[in-house]
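Every reply sets a value against the rule behind it.

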Amino acid sequence: MGVLNNIWRKIFIHLMVWVVLFSFPYLLSYDTDQAFKHVVAFSWIPLFLYMVTFYLNYVFFADKLFFQKRIIVFIVINILLVVVMIGFREWFTELFFPRPQMDDGKGPPRTMVYYVQALSFLVPIVWAVSLRTMERLNKSEAEKKEAAHQQLKSDLQHLHYQLQPHFFFNSLNNIYALVDISPEEAKSTIHSLSKLMRYLLYDTRTEEVPLKMELDFMEKYIELSKLRLTEKTKVTYNFPKLDDNIKVPPLLFISLIENAFKHGVSAQEESCIAFDIAMHGDRIVFKGWNTDFPKTHTDHSGSGIGLRNLQERLELLYPNEHSFDHEISSGYYHVKVETPLKG
């Protein structure tokens, strides 16, 4: 449908240009038969011949010859075309206004007239090739953008599918830890997990989701993760209350939350985890910090897939428009992600 609309739009623009070109000489002429014949002979007929020359090059010669590197054939055919068009123009002019021979020195030489006319026919030829070139460049650029967009969708879908089992694996580990500690809480957690899974399986199929829904999902995940923690770990979060107009890619920040619960908790030492999301102008800023307990060489939990996933998604979604900073300082892991705000 979009291609058809573009074709009709192009036809309309071409039609309007020629209507203006053909109307202008007539509007400037006097209302006499002689003036009308002058408009026909010296304006409409040349314009018609220019139009024929233009569209022969625009529709056929440019694509079939010029862009196929058959330049010599293109030049020869256009020379013959210009000769024929000049012949037609001379014939029509003589038909309306018979002219005396110009070899008596009283007018410009006939060869000079032909030379000027030949130059005038170069205009529609050059314009046809130039316009066709611009259209081909625009089409090529549009195809490149469409290919990049399709590749982006494919890459994001791959990362999404990669994240889902990763999330389920971590969530099941949380439930497994609760089974021995509190079977009743484990049952309740399974119910909560079913809601999270429903969001993952159905609501995140789109390219963007309301930020309000995403924040609600993160809150449920944080509360689910807190169930297996002891009193030695303090968890806080500050998420804004929003309407449904602001959109974000689904599951963009969940990897950071998972990472904090994986590496910021100790069974023996005091630990803390904190998250904050805020809007700063037209940007959304996620901040997180947690106590850092480095993994030992015997700890093989986690593969770093979450953070790699996040980095790849940010680069695909917001090239040169995002920031992702993280560091370990004074025993704390700090992370900050800033992206453009949509909606």
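Q: What makes Arg132 count as sitting over the ring of Tyr58?
A: This is a predicted model, to begin with. The charged end of Arg132 is 5.2 Å from the centre of the Tyr58 ring, and the cut-off for the distance is within 6 Å. There's an angle test too, within 35 degrees of the ring normal, and Arg132 is listed as sitting over the ring.

Q: Which ring does the charged end of Arg136 sit over?
A: That would be the ring of Phe67, with 4.2 Å to its centre. Again the limit is within 6 Å.

Q: Why is the contact of Arg132 and Asp63 called a salt bridge?
A: Their side chains meet at 3.0 Å, N to O.

Q: How do you know whether Asp63 is buried or exposed?
A: Look at its relative accessible area, which is 18%. Buried means under 20%, so Asp63 is buried.

Q: What else does Arg132 meet in a salt bridge?
A: Glu135, at 2.8 Å from N to O.

Q: What makes Asp216 and Lys220 a salt bridge?
A: Their side chains come to 2.7 Å, N to O, and the limit is within 4 Å. Both lie in helix α6 (residues 211-226), four residues apart, or about one turn of the helix. An α-helix has 3.6 residues a turn, so residues three or four places apart point the same way.

Q: Why is Asp216 called partly exposed?
A: Its relative accessible area is 36%.

Q: Which residues do salt bridges that share partners join into one network?
A: Lys10, Asp63, Arg132, Glu135 and Arg136. Over the whole structure, the search finds seven salt bridges.

Q: How many aromatic pairs are there?
A: The count is 15. One of them is Phe253 with Phe286.

Q: Why is the pair of Phe253 and Phe286 called stacked?
A: The ring centres are 5.0 Å apart, with 10° between the planes. Phe253 is in the loop between β3 (247-248) and α7 (254-263), while Phe286 is in strand β5 (residues 283-291), so the pair ties together parts 33 residues apart in sequence. Both Phe253 and Phe286 are buried.

Q: Which residues form one aromatic cluster?
A: Trp18, Phe22, Phe54, Tyr55 and Tyr58.

Q: How do you know that β4 and β5 pair?
A: Eight bridges join strand β4 (residues 271-280) to β5, and they run antiparallel. At least two bridges are needed, so these strands qualify. Met279 stands opposite Ile284 in β5. The hairpin of β4 and β5 has two residues between the strands, and Gly281 takes a positive phi near 65° there.

Q: What makes α7 mostly covered?
A: Nine of its ten residues are buried, including Leu256, Glu258 and His263. Ser255, in helix α7, is at 4% relative accessibility and so counts as buried.

Q: Why is Ile13 called partly exposed?
A: Ile13 has 46% relative accessibility, which lies between 20% and 50%, so that is its class. Ile13 lies in helix α1 (residues 2-28). A nonpolar surface patch includes Ile13 along with Phe12, Leu15, Met16, Val17, Val19 and Leu21, with about 600 Å² of accessible area together.

Notes:
Residues are numbered from 1 along each chain as its sequence is written. This is a predicted model: local features need pLDDT of at least 70, side-chain atom pairs count only at pLDDT 80 or more; totals for chains, interfaces and linings use all residues. Side-chain values use heavy atoms; hydrogens and water are left out. Rings of Phe, Tyr and Trp (its six-membered ring) pair if their centres lie within 6.5 Å; planes under 30 degrees apart count as stacked, over 60 as edge-to-face and the rest as tilted. Buried means under 20% relative accessible area, exposed over 50%, partly exposed in between (1.4 Å probe, protein chains only). Patches are made of residues with over 30% relative accessible area and no salt bridge: like charges are joined within 9 Å, nonpolar side chains (Val, Leu, Ile, Met, Phe, Trp, Tyr) within 5 Å. Accessible areas come from the Shrake-Rupley method with a 1.4 Å probe; for residues, only the protein chains shown count as cover.
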